[in-house]
Amino acid sequence: MAICVVDHPLVRHHLTLLRSVETSIAEWRASLRAMTRLMMYKVTESLPTEAVKVTTPMGPAEGTRAQSESVAIVPILRAGLGMVEAALEVLPDALVGHIGLERDPQTHAPHSYYCKLPSQLERRKTLVIDPMLATGGSAGEALGLLKEKGARDLALIALIAAPEGVSAIQARHPDVSLFVAAIDSHLDSNAYIIPGLGDAGDRLFGTAH
C-alpha cells in the first residue's frame with residue numbers, strides 16, 4: 001500500500017489549529033476545509049486530463065482540462081461531511097456518495113447504517129474521505145463496501161492516523177493508496193488517537209459534552 005504523508009507548512013499550520021482546544025468551532029471548520037483543499041492537490045496529481053484548444057486574447061493556445069467527472073468522493077458519515085465542500089472546490093464535477101458507519105462503544109467494531117453511491121464506480125477514481133483513521137475499522141468497512149459495488153481505483157484521505165489504523169488498512173486493503181497529514185503516536189484504551197484532536201465529529205458539529 002502506498003502511503004503519502006502530506007508535509008507542507010500550511011498543512012502543519014492548520015493541523016495545529018485542529019488539535020488545539022482553544023480553536024473555536026468556526027475556526028475549526030475553516031481549518032478542516034483548508035487542510036482538505038491542500039491535501040486534495042496532492043491526491044489529484046494523477047488525475048486524468050485531456051488536451052484542449054482555447055483562444056486567448058492574443059490567439060489560439062494548447063491547454064489541458066482535468067477530468068474531475070471521472071472521480072467519486074465518498075465521505076464516511078458523519079465527520080467526513082466536513083471535507084466534502086472543500087474537495088468539490090478542487091473537483092467541481094466529481095460525483096458524491098455517502099457511507100454511514102457507527103462504531104460500537106464497547107467493541108469499537110463498525111456498523112453500517114447508510115450507503116448511497118454513484119453508479120459505474122469501476123470506471124472512476126474513488127476517494128474515501130474521513131478526518132481520522134483510528135482503528136481502521138470504519139475505513140476498512142467502507143473500502144470493502146465500495147469494492148463490492150465495483151470500485152477498483154481507491155484512495156483513502158485522512159488528516160491524522162494512528163499506526164494501528166495504518167496497519168489495519170495495509171493488511172485488509174493493500175491495493176488502496178493512503179494520504180494523511182500526520183501519523184500520530186498510538187491509540188488509547190478507548191481507541192482515540194493520541195495526541196489526536198479529540199472527536200472530529202463532535203468538534204465539527206459542536207456536539208461534545
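In the predicted model, Asp130 is found in the loop that links β8 and β9. Its relative accessibility is 14%, and because buried residues are those under 20%, Asp130 counts as buried. When the neighbours within four places in sequence are left aside, Asp130 is in contact with Ile76, Ala79, Gly80 and Met83, and also with Ile157, Ala158 and Leu159.

One of these contacts, Met83, belongs to helix α3, which spans residues 81-90 and in which Gly82, Met83, Val84, Ala86 and Ala87 are buried. In general, an α-helix has 3.6 residues a turn, so residues three or four places apart point the same way. The buried residues of α3 pack against several elements, namely the helices α2 (25-43) and α6 (200-205) and the strands β4 (71-77), β5 (95-96), β8 (125-129) and β10 (153-157).

The protein chain as a whole has six helices and 15 strands. For a chain of 209 residues, a compact globule would have a radius of gyration near 17 Å, and the value for the protein chain, 18 Å, agrees with this. Along the principal axes, the C-alpha atoms fill a box of roughly 65 × 40 × 25 Å. Of the 209 residues, 45% are buried, and of the contacts with a separation of 6 or more, 64% are accounted for by residues 24 or more positions apart. The accessible surface of the chain comes to about 10400 Å², and carbon and sulfur atoms hold 53% of this surface. The chain carries 19 positive and 23 negative charges, and the mean positions of the two groups are 4 Å apart.

The pairing of the strands can be considered next. In general, strands of a sheet pair through backbone hydrogen bonds, either parallel or antiparallel. Strand β12 (residues 177-180) is joined by three bridges to strand β1 (residues 3-5), and the two run parallel; within this pairing, Cys4 has Phe179 of β12 as its bridge partner. Three bridges also join β12 to β10, again with the strands running parallel, and here Leu156 has Leu178 of β12 as its bridge partner.

An open sheet is formed by three strands in the order β9-β11-β13, and the pairing is parallel. Its edge strands are β9 (132-133) and β13 (182-183), each of which pairs on one side only. Strand β11 (residues 160-161) is joined to β13 by two bridges, and Ala161 stands opposite Ile183 of β13.

An antiparallel arrangement is found between strand β2 (residues 49-56) and strand β3 (residues 59-66), which are joined by eight bridges. These two strands form a hairpin, with two residues between them, and Lys53 stands opposite Glu62 of β3.

At the surface, Lys116, which has its place in strand β7 (residues 110-116), counts as exposed, with a relative accessibility of 54%. Not counting residues up to four places away in sequence, Lys116 touches Gly97 and His98. The C-alpha atoms of Lys116 and Ile99 are separated by 6.6 Å, although the two residues are 17 residues apart along the chain.

Several details of the backbone remain to be described. In general, most residues other than glycine have a negative phi, and most peptide bonds are trans. A cis peptide bond, with omega of about 10°, joins Leu77 and Arg78, and Arg78 is located in the loop between β4 and α3. A second case of a cis bond is the one from Ile194 to Pro195, where omega is near 0°; Pro195 is located in the loop between β15 (193-194) and α6.

Positive phi values occur at Gln120, where phi is near 55°, and at Ala191, where phi is near 65°. Gln120 has its place in the loop between β7 and β8 and is partly exposed, with a relative accessible area of 38%. Ala191, by contrast, is buried with a relative accessible area of 5%, and its place is in the loop between β14 (186-187) and β15.

Note on methods
Residues are numbered from 1 along each chain as its sequence is written. This is a predicted model: local features need pLDDT of at least 70, side-chain atom pairs count only at pLDDT 80 or more; totals for chains, interfaces and linings use all residues. Side-chain values use heavy atoms; hydrogens and water are left out. Helices (H or I, at least four residues) and strands (E, at least two) are DSSP runs, numbered from the N terminus. The radius of gyration is taken over C-alpha atoms; the globule rule is 2.2 Å times the number of residues to the power 0.38. Buried means under 20% relative accessible area, exposed over 50%, partly exposed in between (1.4 Å probe, protein chains only). Contact means heavy atoms within 4.5 Å. Accessible areas come from the Shrake-Rupley method with a 1.4 Å probe; for residues, only the protein chains shown count as cover. Lys and Arg count as positive and Asp and Glu as negative; His and the chain ends are not counted. The place of a charge is taken as NZ of Lys, CZ of Arg, CG of Asp or CD of Glu. Two strands pair if DSSP finds at least two bridges between them.
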